[in-house]
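Subject: Structure handover

Hello,

Here is the structure I promised to pass on. Please open it and keep it beside you while you read my notes below.

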Amino acid sequence: MPGVDGRVAIVTGAGRGLGRSHALRLAAGGALVVANDLGVRKEGGGANAAAAQDVVAEIRAAGGVAVPDDHDIASETGAKEAVKSALEAFGRLDIVVNNAGILRDATFHKMTVQQWEAVRQVHLDGTAFVTRAAWPHLREQRYGRVVVTSSGAGLFGNFGQANYAAAKLGVVGLMHTLALEGARHGIRVNAVAPVALTRMTVGLLDDASDLDPAWVSAAVGWLCAEECDLTAEIVRVHGRHFSRVRIVESRGVDFPSPPSDDHLAARWAEIADLSGAQEGQAAVATARHAGSG
Ligand code: NAD
């Protein structure tokens, strides 16, 4: 079973928490890992190269292969440099695990533009920049596995996390589109939505239950394996509980002419009825772009 054996993987935010666990898991499966981490505080800011170096030491001590990288993936230049680290160290890149993250929680009416931008830059821009720097290489070799990290906050909303939720659903939109664009090139793109005990969630989660990041890393490891042909999936891992999240559309209702408020209200139950719901798709088909893809 090839799994991730011999594949080159970059894991962003690999210095601690979920990223560290993903990096250890991939390395244990034989992947050559670039452990990227800027070593920032939970809310961003500060930088410490030891974060990436420590996990690399841990991987090497366990017999694995890894190199550290401490670029800031929230900047396009940093993201390109992180991908360059993989190419320089190992000559190729097969797997991109977009995991780095920060929090700047505030209720929407108190949220500053800086709080909004800092969170968007790491989660959404960072995911796009790293994947974009890797994309030509994945396309050229006609093989790639990309994982983005969403969140229950992004999928369902969470009080005080408008910036984070917007970015975390943003990566799902990115994932859906990249899954379409990557399909013909052997690139599979999926999302995980984790719940795990890390510094990001300590004090917020019930730490009596087993919320070891290793549960989430199992899903990440599988989604990165050669045998796994899934794409455009959202896998939620809450401790030992694994589930699938989909965005679906109800069968809906046709009106003969633009309905009045009363007509809409009267038929809302039918419109909203999710029995027989199916996965939605963009209203404007993109097949016409496939040839130029
Ligand atoms: P964490 O704070 O333990 O680790 C995040 C890591 O990302 C840190 O080591 C940090 O230095 C690094 N990082 C932050 N900004 C960076 C940047 N610009 N460049 C490079 N590295 C950077 O957090 P975690 O809980 O392990 O979270 C990992 C991911 O999972 C995040 O995207 C987070 O939003 C997501 N997530 C976590 C949970 C959870 O329950 N822990 C739930 C939902 C989503």
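Val-96 is found in strand 4. Strands here are DSSP runs of E with at least two residues, helices are runs of H or I with at least four, and both are numbered from the N terminus. Val-96 counts as buried because its relative accessibility is 0%. The classes are these: buried is under 20% relative accessible area, exposed is over 50%, and partly exposed is in between, with a 1.4 Å probe and protein chains only.

What does Val-96 touch, not counting residues up to four places away in sequence? The list is Ile-10, Val-130, Thr-131, Ala-134, Arg-145, Val-146 and Val-147. Contact means heavy atoms within 4.5 Å. Val-96 and Val-148 are 52 residues apart in sequence, but their C-alpha atoms are 8.4 Å apart in space.

Two notes on the source. This is a predicted model, in which local features need pLDDT of at least 70 and side-chain atom pairs count only at pLDDT 80 or more, while totals for chains, interfaces and linings use all residues. Residues are numbered from 1 along each chain as its sequence is written, and side-chain values use heavy atoms, with hydrogens and water left out.

Helix 3

Now look at helix 3, residues 76–90. Its 15 residues should span 21 Å at 1.5 Å a residue, and the end C-alpha atoms are 21 Å apart, which agrees. The expected span is 1.5 Å times one less than the number of residues.

Which residues of helix 3 are buried? They are Gly-78, Ala-79, Ala-82, Val-83, Ser-85, Ala-86 and Phe-90. These residues cover an arc of only 140° around the axis, which puts them on the same side of helix 3. The arc is that of the directions from the helix axis to the C-beta atoms. An α-helix has 3.6 residues a turn, so residues three or four places apart point the same way.

What covers the buried residues of helix 3? The cover includes strand 1 (8–12), strand 2 (32–36), strand 3 (65–69) and helix 4 (113–141). The face turned away from the buried side carries the exposed residues Thr-77 and Glu-88. Just after helix 3, Gly-91 takes a positive phi of about 80°.

Salt bridges

Side chains of opposite charge can pair when their charged atoms come close. A search of the whole structure finds 15 salt bridges. Each is a side-chain nitrogen of Lys or Arg within 4 Å of a carboxyl oxygen of Asp or Glu. Three of them follow.

Arg-7 and Asp-94 meet in a salt bridge, at 3.3 Å from N to O. The pair links distant parts of the chain, 87 residues apart. Arg-7 is in the segment before strand 1, and Asp-94 is in the loop between helix 3 and strand 4 (95–97). Both residues, Arg-7 and Asp-94, are buried. A network of salt bridges links Arg-7, Arg-92, Asp-94 and Glu-226.

Glu-58 and Arg-20 form another salt bridge, at 2.6 Å from N to O. Glu-58 sits in helix 2 (residues 50–61) and Arg-20 in helix 1 (residues 17–28), 38 residues apart. Glu-58 counts as partly exposed at 32% relative accessibility. Arg-20 is partly exposed too, at 30%.

Arg-246 pairs with Glu-233, with the closest N and O atoms 3.3 Å apart. Arg-246 lies in the loop between strand 8 (241–245) and strand 9 (248–249), and Glu-233 in the loop between helix 7 (213–223) and strand 7 (234–238), so the pair ties together parts 13 residues apart in sequence. Arg-246 is partly exposed at 25% relative accessibility. Glu-233 is buried at 13%.

Arg-142 is not a glycine, yet has a positive phi of about 55°. Arg-142 lies in the loop between helix 4 and strand 5 (144–149). Its relative accessible area is 49%, which means partly exposed.

Ala-232 is not a glycine either, and has a positive phi of about 60°. Ala-232 is in the loop between helix 7 and strand 7. At 14% relative accessibility, Ala-232 counts as buried.

Domains

The chain is divided into domain 1 (1–243) and domain 2 (248–292). These bounds come from an automatic or database domain assignment. The domain centres, taken over C-alpha atoms, are 33 Å apart.

Best wishes
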